[in-house]
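Q: Please pick one part of this structure and go through it closely. State the cut-off behind each term as it comes up.

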Amino acid sequence: MSELSAPARNLEAWVSFLRAHAALTRELSADLQREHGLTINDYEVLLHLSRADDARLRRVDLAERVLLTASGITRLLDGLERSGFVCRETCPGDARVSYAKLTEVGREKLRRAGDTHLRGIDELFNA
């Protein structure tokens with residue numbers, strides 16, 4: 001049996017990393033969905049908003065941070081808005097600019113979901 005070349009070993013390591021990332025993300029997302037009705041992307045959006053000045057971000061900046069397209073962030077935020085976790089704000093100086101703002105209900109949801117998420121991380125990495 002011949003040994004793998006360095007590029008082949010690198011590719012194998014990369015594929016292993018991608019599989020591990022996908023499996024961990026799936027598990028963490030399933031926990032959030034089961035216990036809080038949130039996807040991992042929902043959670044990440046709430047987390048970014050909670051850390052932003054005035055708990056709000058331009059929708060385009062939020063999309064960039066969570067690696068979603070403009071239409072993807074719109075769909076995600078629509079669901080979070082319907083649930084009362086975020087609200088939409090316009091910029092008084094520029095009607096073309098739209099913000100997503102974390103609500104108090106969203107902040108509380110994030111706090112409870114954060115406990116679950118951190119527990120999941122602890123279980124997956126410290127088991």
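**A salt bridge across the sheet, and its surroundings**

A: Glu-89 and Arg-56 form a salt bridge, with their closest N and O atoms 2.9 Å apart. Glu-89 belongs to strand β2 and Arg-56 to strand β1, so the pair ties together parts that are 33 residues apart in sequence. A salt bridge here is a side-chain nitrogen of Lys or Arg within 4 Å of a carboxyl oxygen of Asp or Glu. Helices (H or I, at least four residues) and strands (E, at least two) are DSSP runs, numbered from the N terminus.

The model is predicted, so local features need pLDDT of at least 70 and side-chain atom pairs count only at pLDDT 80 or more, while totals for chains, interfaces and linings use all residues. Residues are numbered from 1 along each chain as its sequence is written, and side-chain values use heavy atoms, with hydrogens and water left out.

Glu-89 is partly exposed, at a relative accessible area of 23%, and Arg-56 is also partly exposed, at 26%. Buried means under 20% relative accessible area, exposed over 50%, and partly exposed in between (1.4 Å probe, protein chains only).

The strands that hold this pair belong to an open sheet of 3 strands, in the order β1-β3-β2 and with antiparallel pairing. β1 (56–58) and β2 (86–91) are the edge strands; each has a single partner strand, so one side of each is left without a neighbour in the sheet. On average, neighbouring strands are turned by 30° against each other, direction ignored. Two strands count as paired if DSSP finds at least two bridges between them. Strands of a sheet pair through backbone hydrogen bonds, either parallel or antiparallel.

β2 and β3 pair in the antiparallel sense over 6 bridges, and a hairpin of 2 residues joins them. β1 and β3 (residues 94–102) are likewise antiparallel, over 3 bridges. Tyr-99 of β3 is the bridge partner of Glu-89, and Tyr-99 is also the bridge partner of Arg-58.

Next come the helices on the sheet. α2 lies across β1, β2 and β3, running at about 105° to β3. Helix α4 (residues 70–82) packs on the sheet as well, touching β2 and β3, and its direction makes about 115° with that of β2. Contact means heavy atoms within 4.5 Å. Axes are lines fitted to C-alpha atoms, for helices over the stretch in contact, and angles run from 0 to 180 degrees between N-to-C directions.

α4 has 13 residues, which at 1.5 Å a residue should span 18 Å; its end C-alpha atoms are 18 Å apart, which agrees. The expected span is 1.5 Å times one less than the number of residues. Within α4, Gly-72, Ile-73, Leu-76, Leu-77 and Leu-80 are buried. Viewed down the axis of α4, these buried residues fall within an arc of 120°, so they line one face of the helix. The arc is that of the directions from the helix axis to the C-beta atoms. The elements that cover them include α2, α3 (59–65), β2 and β3. Ala-70, Arg-75 and Arg-82 are exposed on the other side of α4. Just after the helix, Gly-84 takes a positive phi of about 85°.

α2 (residues 40–51) can be checked in the same way: its 12 residues should span 16 Å at 1.5 Å a residue, and its end C-alpha atoms are 17 Å apart, which agrees. Asp-42, Tyr-43, Val-45, Leu-46 and Leu-49 are buried in α2. Down the axis of α2 they fall within an arc of 160°, so they line one face of the helix.

Asp-78 pairs with Arg-88, the closest N and O atoms being 3.6 Å apart. This pair links distant parts of the chain, with Asp-78 in helix α4 and Arg-88 in strand β2, 10 residues apart. Asp-78 counts as partly exposed at 26% relative accessibility, and Arg-88 is partly exposed at 44%. Over the whole structure, a search finds 12 salt bridges.

Elsewhere, salt bridges that share partners join Arg-59, Asp-78, Glu-81 and Arg-88 into one network.
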